[in-house]
Amino acid sequence: MANVVVVGSQWGDEGKGKIVDWLSSRADVVVRFQGGHNAGHTLVVDGTTYKLSLLPSGIVRGGKLSVIGNGVVFDPWAFLSEVTRIKEQGVKVGPDSLQISESTSLILPIHSELDGIRENRVDGVKIGMTKRGIGPAYEDKVARRAIRICDLADEAHLMERVENLLHHHNALRRGLDQPETDAQALYDQLIEIAPKILPYMAPVWQTLDDAQKAEKRILFEGAQGAMLDIDHGTYPFVTSSNTIAGQAAAGSGMGPGALNYVLGITKAYTTRVGEGPFPTELNDAIGHRLGERGHEFGTVTGRQRRCGWFDAVMVKQAIITGGITGIALTKLDVLDGLAELKICIGYKLDGKIVKRLPAGATNQANVEPIYESMPGWQGSTRGARSWAELPAEAVKYVRHIEELIGCPVSMVSTSPEREDVILMRDPFKA
């Protein structure tokens, strides 16, 4: 049995939650390996909707171990709030079903405050952040001044670490004309919440190694998407972590040899939340229709997503940089009823045709999509669970996407419901 990594191949919001939930029925362990509570996953299980941000999607299934890896930045207050909400929906959450890496860095109130200050700059420059402190927390981690979960267990030296962190932050706050953060107040907050968090702390690298040796199936759950990767995305309009599959190893403590199959979740059209380039964006009736039919609103922020045609150039690039083995095509049913469909097969830039998304922000903003048209379909794909249930034009659309991106479609999702999937290849049996 293979271990599977699930990542997004666009700008996030591709429908990873439903696919991870579907795959988790076949997994023994589900691992989050990057990002934080800025990542929203919506699951619909037997008519009940679960909205998750920090918790791995496997938590809604009994008998699974969920793991939050060291590559995640962790807001303990947001965590407890989410746990409370999920418990009210009948989901059991405890140290027997959830472990958090002892080396996971914390998101503190000063991080979300700093995010908000930066995003509300007087010059109007925005990145489109969720203001949840993700970026500032990763900055502190890289700068080696972060407070980690294991530090909560070291009460004798916790104040020393708080003061070291605030040595930087209070200087920054003074420069931004903001009041300084009181070290004692922050220390007291951490001491108060520590007993509620520490029972979940564990050396998860060891837990995962034990699971691997016991031949258990491990599912690695990514957040956001390839085009939001800090290195390979549309920089600077990206998140603050690596979102591609390689991070599953570094962000969990397992070696890359444990990553057997990479499933790239890919929407049948394209969406984006927030600022930044979007070559195939549609600011017309079709774009509005895609947003309406696809219920394109962010799980975490509620922000309306920008919508556009499928970009094969971008997805092919994501497949290469992410080592994607197969894709799960989602929301095919949103395209039902459109007379004509378009797929971006290249870009024009400065009078030349290019077959990749360039790295520079200016060039990314200036590329013009080159489209190929295909006939749409009038029948319904919603709820289909076999190829025979799809209109012929829908099958041709899926097959042509495979040709353009150079990667097989392993599964097709045809509705938000868990079992509405056409399966060509089970990733766990690859």
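Trainee: Which residues touch the most other members of the largest nonpolar core?

Mentor: Leu329, Leu332 and Tyr397, in a core of 52 residues. Bear in mind that this is a predicted model.

Trainee: Which helix gives the largest share of this core?

Mentor: Helix H12, residues 392–405, which supplies five residues.

Trainee: Take Leu329, then. What does Leu329 touch, not counting residues up to four places away in sequence?

Mentor: Its contacts include Thr266, Lys267, Ala268 and Phe310. Further along the sequence, Leu329 also touches Val398, Ile401, Val409, Met411, Val412 and Ser413.

Trainee: What lies apart from that core?

Mentor: Another core, made of 36 residues. Tyr50, Leu52, Val93 and Leu98 are among them.

Trainee: Let's step back to the whole chain. How many helices and strands are there?

Mentor: The chain has 12 helices and 20 strands. Its radius of gyration is 22 Å, and the globule rule also gives 22 Å for 430 residues, so the chain is as compact as a globular protein of that length.

Trainee: What box do the C-alpha atoms fill?

Mentor: Roughly 65 × 55 × 40 Å, taken along the principal axes.

Trainee: And how many of the 430 residues are buried, as a percentage?

Mentor: Buried residues make up 57% of them. As for the surface, the chain exposes about 17400 Å², with carbon and sulfur atoms supplying 49% of that area.

Trainee: What share of the contacts with a separation of 6 or more joins residues 24 or more positions apart?

Mentor: That share is 76%.

Trainee: Charges next. How many positive and negative charges does the chain have, and how far apart are their mean positions?

Mentor: There are 47 positive and 52 negative charges, and their mean positions are 4 Å apart.

Trainee: Now the backbone. Which peptide bond is cis?

Mentor: The one from Tyr235 to Pro236, with omega near 10°. Pro236 sits in the loop between strand E10 (218–221) and helix H8 (247–250).

Trainee: What about Gln224, where is that?

Mentor: Gln224 is also in the loop between E10 and H8. Its phi is positive, about 60°, although Gln224 is not a glycine.

Trainee: Is Gln224 buried or exposed?

Mentor: Buried, because its relative accessibility is 9% and the cut-off for buried is under 20%.

Trainee: And Asp350, what is its phi?

Mentor: Positive, about 55°, and Asp350 is not a glycine either. Asp350 lies in the loop between strand E16 (340–349) and strand E17 (352–354). With a relative accessibility of 68%, Asp350 counts as exposed.

Trainee: There's another aspartate I marked, Asp151. Where does Asp151 lie?

Mentor: In the loop between helix H4 (134–142) and helix H5 (155–175). Asp151 counts as buried, at 8% relative accessibility.

Trainee: What is Asp151 in contact with, leaving aside neighbours within four places in sequence?

Mentor: Ala146, Leu158 and Arg161. Ser103 is 48 residues from Asp151 along the chain, and their C-alpha atoms are separated by 8.7 Å.

Trainee: Last one: where is Lys429?

Mentor: Lys429 is in the segment after strand E20 (421–423). Lys429 is exposed, with a relative accessible area of 63%.

Trainee: How far is Lys429 from Ala202 in sequence and in space?

Mentor: The two are 227 residues apart in sequence, and 29 Å apart in space from C-alpha to C-alpha.

Technical notes. Residues are numbered from 1 along each chain as its sequence is written. This is a predicted model: local features need pLDDT of at least 70, side-chain atom pairs count only at pLDDT 80 or more; totals for chains, interfaces and linings use all residues. Side-chain values use heavy atoms; hydrogens and water are left out. A nonpolar core is a set of buried Ala, Val, Leu, Ile, Met, Phe, Trp, Tyr and Cys residues joined through side-chain atoms within 4.5 Å. Buried means under 20% relative accessible area, exposed over 50%, partly exposed in between (1.4 Å probe, protein chains only). Helices (H or I, at least four residues) and strands (E, at least two) are DSSP runs, numbered from the N terminus. Contact means heavy atoms within 4.5 Å. The radius of gyration is taken over C-alpha atoms; the globule rule is 2.2 Å times the number of residues to the power 0.38. Accessible areas come from the Shrake-Rupley method with a 1.4 Å probe; for residues, only the protein chains shown count as cover. Lys and Arg count as positive and Asp and Glu as negative; His and the chain ends are not counted. The place of a charge is taken as NZ of Lys, CZ of Arg, CG of Asp or CD of Glu.
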